[in-house]
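Here are a few notes to read alongside the model.

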Amino acid sequence: MSESIHADMSANVWKILVAPGDAVEEDTPLMILESMKMEIPVMSEVAGVVVAVHVSEGDSVDPGQSLLDLSTD
Amino acid sequence: MTSMTETDAAARHELRRAAALAMGGPRKLEKRAEAGQLNARERVDRLFDPESFRESGLFATSHLEADKDVTPADGKVTGTGDVDGRRAAVIAYDFTVKGASSGQVSNKKMQHMKDLATRCGMPLVYLAESTGVRMPDIMGGTGMGSGNERTRFLRKRESPWASAVFGYAFGSATWHTVSSDFAVFRKGAVMAVSSPGLVSRATGQQVDAEELGGWKLHAEVTGFADAVANTDEEAIELVRRFLGYLPSHNAEPPPVVPVTPGSGERSAELRSLVPESRAQVYDVRKVIEVVADTGSVFPVKAAYGKSLVTCLARIDGRSVGIIANNPIFKGGAIDGPACDKATSFLTLCDSYNIPIVFLVDQPGFLIGLEAERNKVAGKIINWMNALALVTVPKVTVMMRKNYGQAYANMGGGFTADATAAWWSAEVSFMDPRSAVGVVYGVTQEDDPELYERRLAEMARESTAYDVARVYGVQDVIDPADTRGFLIGALRDNHLARTDGVGEHLLSTWPTSF
């Protein structure tokens with residue numbers, strides 16, 4: 001099973017904290033978005049392994065845009 | 001000695017009673033039990049204190065001769081009972097009887113319960129699961145012409161309505177749920193105007209039931225679900241808990257309960273729960289847990305518009321409605337759903353004499369293409385209008401940053417009756433970093449020295465003491481004193497002349513948002 005993590009608001013990607021191959025637990029911060037002058041962490045809602053990161057630091061993202069994929073197998 | 005006739009009457013009565021209590025028959029009831037679903041009568045028993053249910057309409061059936069033996073109670077179990085010792089009325093949809101569809105007689109039963117609850121001042125609980133209106137009874141001019149629709153969905157919030165949705169809910173089960181003050185959905189429940197089958201036939205659109213009106217959709221997207229439960233039992237328990245915060249009707253204050261042990265003992269944690277940096281996020285629900293009486297927090301619409309928390313709670317044993325920004329979601333920026341959530345919660349509190357507490361830390365309304373297309377401007381001002389109409393006490397604590405129009409929406413600018421700011425609070429029209437760009441077009445990257453100078457200009461006079469100097473707040477407080485401030489301010493602003501009863505100017509506001 002894979003799980004795609006999406007942006008829930010317009011934002012800039014400030015910091016990416018994980019790379020493909022990293023194992024993450026539930027509630028692990030995956031990246032930090034910047035919007036409304038706030039540093040908004042994107043948390044993993046499940047435990048898994050990062051399969052792909054679709055954005056780079058400095059990118060702007062729209063609501064619903066896929067940020068990264070996790071494998072939950 | 002009992003005469004033969006009396007014995008016959010008693011036996012006949014018992015037969016009719018047993019037939020009515022048998023609902024849709026053992027086969028259907030067993031199937032439900034196997035699926036882990038309670039039947040309508042078991043749900044009613046769960047709702048009310050033991051032995052307190054008094055049924056109204058056990059011997060009702062369909063008005064149609066052909067259906068009279070297959071419609072026990074005409075598919076709705078109705079009556080009254082006690083919820084924690086206070087009277088309440090119930091309408092329980094019996095899905096085993098013609099899918100709990102609404103026929104002429106069951107509609108009369110439902111209207112009687114609504115009238116009783118309103119007239120005598122008691123909550124009304126819907127235990128909802130229904131296929132909708134009964135077909136073919138409603139077909140044609142005689143079907144449509146026989147109803148009395150004017151007051152059927154008139155909602156003036158004289159007494160609370162709560163709805164628990166257990167399975168499929170279409171038609172009146174939907175209408176009653178969206179006009180209730182509280183709705184809980186059991187996981188797996190589906191609520192929609194029409195069933196997926198009818199949608200497909202009418203429009204050609206192939207829809208999945210969950211996608212059309214699943215509990216998750218209503219918890220996260222429409223906001224119709226105020227809470228979600230794993231089981232029938234949990235859903236009913238949530239209804240009972242919800243009613244515990246409310247008065248039986250709008251002419252009395254909510255019940256007062258003893259203050260739970262440990263309340264207020266963790267107040268010192270408030271100094272560290274909120275990060276000093278205005279850009280950092282945290283979960284405001286941890287703050288609420290510390291401020292409110294221990295164990296008293298009851299979230300409302302927790303999965304909807306999550307950058308704003310609404311919850312019932314108790315402070316010093318008294319019911320309050322708390323509205324708090326939650327930076328952990330969207331940085332606390334207030335989006336369209338959060339606006340609707342706030343206005344709907346103001347309506348609940350104003351209608352039932354529940355004082356309102358604002359806990360503020362917000363970077364402004366979430367702006368952008370999506371927001372404008374979703375009519376956020378109208379939602380912001382609906383909220384302001386509602387706030388101006390609220391007559392229950394409103395108390396505001398500004399915890400950290402507080403910017404722009406949302407400052408007023410969140411109980412600033414004398415929209416509340418009592419206001420304090422934490423000594424670390426920051427109040428302005430916008431984040432000073434944004435203001436430098438707007439006013440001077442200077443960025444940190446292009447000209448760091450000029451940027452810093454302009455930033456200092458834009459950030460000046462933004463402290464809690466600056467607001468206090470012009471009496472924009474009445475006090476500046478240590479975060480650890482938040483609960484003490486709220487208790488004092490709620491006592492000062494208690495509506496003593498009317499024993500805590502407000503004017504309910506919002507009680508006829510829309511039944512859903």
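1. Helix H10 of chain B covers residues 232-245, and its 14 residues reach 21 Å from the first C-alpha to the last. That is close to the 20 Å expected at 1.5 Å a residue, where the expected span is 1.5 Å times one less than the number of residues. Helices here are DSSP runs (H or I, at least four residues) and strands likewise (E, at least two), numbered from the N terminus.

2. A word on the source: this is a predicted model, in which local features need pLDDT of at least 70 and side-chain atom pairs count only at pLDDT 80 or more, while totals for chains, interfaces and linings use all residues. Residues are numbered from 1 along each chain as its sequence is written, and chains are lettered from A and ligands numbered from 1 in the order in which they are written.

3. Next, the packing of H10(B). Helix H3 (residues 40-47) of chain B packs against H10(B) at an angle of about 40°, and the axes lie 9 Å apart. On the H3(B) side the contact (C-beta atoms, placed from the backbone, within 7 Å) involves B:Arg43, B:Arg46 and B:Leu47. H10(B) contributes B:Asp232, B:Glu233, B:Ile236, B:Val239 and B:Arg240.

4. Over in chain A, four strands form an open antiparallel sheet in the order E5-E4-E2-E7 (strands pair if DSSP finds at least two bridges between them). Its edge strands are E5 (38-43) and E7 (60-61). Strand E2 (residues 11-16) of chain A pairs with E7(A) over two bridges, and A:Asn12 has A:Ser60 of E7(A) as its bridge partner.

Conventions: Axes are lines fitted to C-alpha atoms, for helices over the stretch in contact, and angles run from 0 to 180 degrees between N-to-C directions. Two residues are in contact if their C-beta atoms, placed from the backbone, lie within 7 Å.
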